[in-house]
Amino acid sequence: MDWTISESQGLSELRLQELRHDNGRRRKCKLEKTSMGDGEVGAEQLTPADGGRATSYAPGGVEVSVVIPCLNEANSIGICVSKAMAAFRTAGLRGEVIVADNGSTDGSIEIAEKLGACVVRVEARGYGSALRSGIAAARGAFIVMGDADDSYDFSEVPRFVEKWRQGHDVVMGNRFRGEIKPGAMPWHHKYVGNPALSSLLNLFFNTGIGDSHCGLRGFTRAVYDRMDLRSTGMEFASEFVIKSAQLGAKMAEIPITLWPDKRGRPPHLRSFRDGWRHLRFMLLYAPNWLFVLPGAAFMLLGLTLVFWLLPGPRALTSRIILDVHTMIFGVIFTLLGAQIFSIGAFAKVFSYAERFDRSGTVSLKRIFKRATLESGLLVGGALFLAGFAGCAWVTWQWVASGFGPLAQVRQVLFWAMWLFLGLQIIFASFFLSMLGISRGTYIGDYDLK
């Protein structure tokens, strides 16, 4: 079957409303199935209902859908489709193969259709866009995705299905626990990129996955629909693992073999560009690591320097003496840390409201139940008044001395820091409240359940 998915059409809307048929054309797609009696492979006509909506056509429904993103993979797409079809027959699975084509011009579409795959034409470019569209068109209760270059062996599909039947929501392939054939992965991917990114993903999100960027993975339709995935590029792989962990999905890994690809052309993957996209995505999804912890560290360092140097100069050695100039940096670090920390608070509210962060929701509600606009104004106002009073006292002493040399520089820095910090808290509290209103999560108005 040949479906066309418009770039402007949202996938959630697509899933809820309809999969539109491309120009009214109807093609036959092979649905591999083995009945209880004859074990024969059948072919069925997949034609949309009057409303154009995809429905289930096989007796008992499709069990497994294999989704393969494709862009000019004529050398290998036929191998991948054939292996998936053979795996269905061997394991006795009712399955379908969905090829999500991202604009191939080398005959990949014709090859896939000839072998019985259903082709979904995806106008929006990108690895994530292709997968999201292909998965939206899939009818199986369990979905297995994998690349079209034959680097992953689709004969492994029954192993993923077995884990699903054991009760797992997400089944990840792990190339490092299995085998990486010579020439299958560049050394900087094998020893630097993949291990580093997987380690960061585990550190930030506690996923417990050893090979988080493996392209061969299986998952249930139910857990996928809850993920609300939004990535259009290679970072789709990271978002998938992050949201699986946040949802508390039951995850498992199985060792697999990575083979040298058969694409016969340069890869679509760009090591440094796509590696940065993965890292950038992880940081944007982890406001605690990107904002809150660095901000708190800057504040702690700054306040330590300020209070340590407030009484007077400190000698580290006979030649190194820290004085008021270092105290100035302490004030700067404190204010900078407070600014970064407040941005982290804004990001936490935004990520909660937009359902980026599904972990810690109850704790966030409890914090904002107490950290209301009024409490922020009280704390900020108290610090501002204390700082203002301290600055006024120093100014009065300076006036009383006849505007002579200002000897209380340390006191000026100390009290001015609290004055500015109080102002920051006041305006940050207002912005947090405004952000909450715009996102329907007004701070102070949460109902804890």
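Which residue with a positive phi follows H8? Select Gly248: this residue comes after H8, and its phi is near 75°. (Helices are DSSP runs of H or I with at least four residues, strands are DSSP runs of E with at least two, and both are numbered from the N terminus.)

Before going on, some ground rules. This is a predicted model, where local features need pLDDT of at least 70, side-chain atom pairs count only at pLDDT 80 or more, and totals for chains, interfaces and linings use all residues. Residues are numbered from 1 along each chain as its sequence is written, and side-chain values use heavy atoms, with hydrogens and water left out.

**The whole protein**

Zoom out and colour by secondary structure: there are 14 helices and ten strands. Of the 449 residues in the protein, 48% are buried. Here buried means under 20% relative accessible area, exposed means over 50%, and partly exposed is in between, using a 1.4 Å probe and protein chains only. Among contacts with a separation of 6 or more, 75% are between residues 24 or more positions apart; a contact means heavy atoms within 4.5 Å.

**Helix H8**

Now select residues 236-246, which form H8. Ten of the eleven residues here are buried, so the helix is mostly covered. Among the buried ones are Phe236, Phe240, Glu239 and Lys243.

Not counting residues up to four places away in sequence, Val170 touches ones including Phe219, Met227, Phe240, Ser244 and Lys250.

**Two helices side by side**

Select H6 (residues 187-205) and H9 (residues 271-284). Their axes come within 10 Å and cross at roughly 10°. (Axes are lines fitted to C-alpha atoms, for helices over the stretch in contact, and angles run from 0 to 180 degrees between N-to-C directions.) That makes H6 roughly parallel to H9, a label for angles under 35 degrees, with over 145 counting as roughly antiparallel, 65 to 115 as roughly perpendicular and the rest as oblique.

Show side chains at the contact: H6 brings residues including His188, Leu197 and Phe205, while H9 brings Gly275, Leu279 and Met282, among others. The contact residues divide into eight nonpolar, five polar and no charged. (Ala, Val, Leu, Ile, Met, Phe, Trp, Tyr, Cys and Pro count as nonpolar, Asp, Glu, Lys and Arg as charged, and the others, Gly among them, as polar.)

**Helix H5**

Next, select residues 157-165, helix H5, and pick out the buried Val157, Phe160 and Val161. They cover an arc of only 100° around the axis, so they sit on the same side of H5; the arc is that of the directions from the helix axis to the C-beta atoms. An α-helix has 3.6 residues a turn, so residues three or four places apart point the same way. What covers the buried residues of H5 includes helix H2 (77-91) and strand E6 (170-180).

**Two aspartates**

Buried or partly exposed: which is Asp150? Asp150 is buried, at a relative accessible area of 2%, and its place is in the loop between E5 and H5. Its phi is positive, about 65°, although Asp150 is not a glycine. Asp228 also is not a glycine, yet has a positive phi of about 55°. Look for Asp228 in the loop between helix H7 (221-227) and H8; this one is partly exposed, with a relative accessible area of 30%.

**Last stop**

Finish at Gly380, in helix H13 (residues 373-400). Gly380 is buried, with a relative accessible area of 0%. Leaving aside neighbours within four places in sequence, Gly380 is in contact with Gly422, Ile425 and Ile426. Draw a distance from Gly380 to Ile426: their C-alpha atoms are separated by 5.0 Å, though the two are 46 residues apart along the chain.
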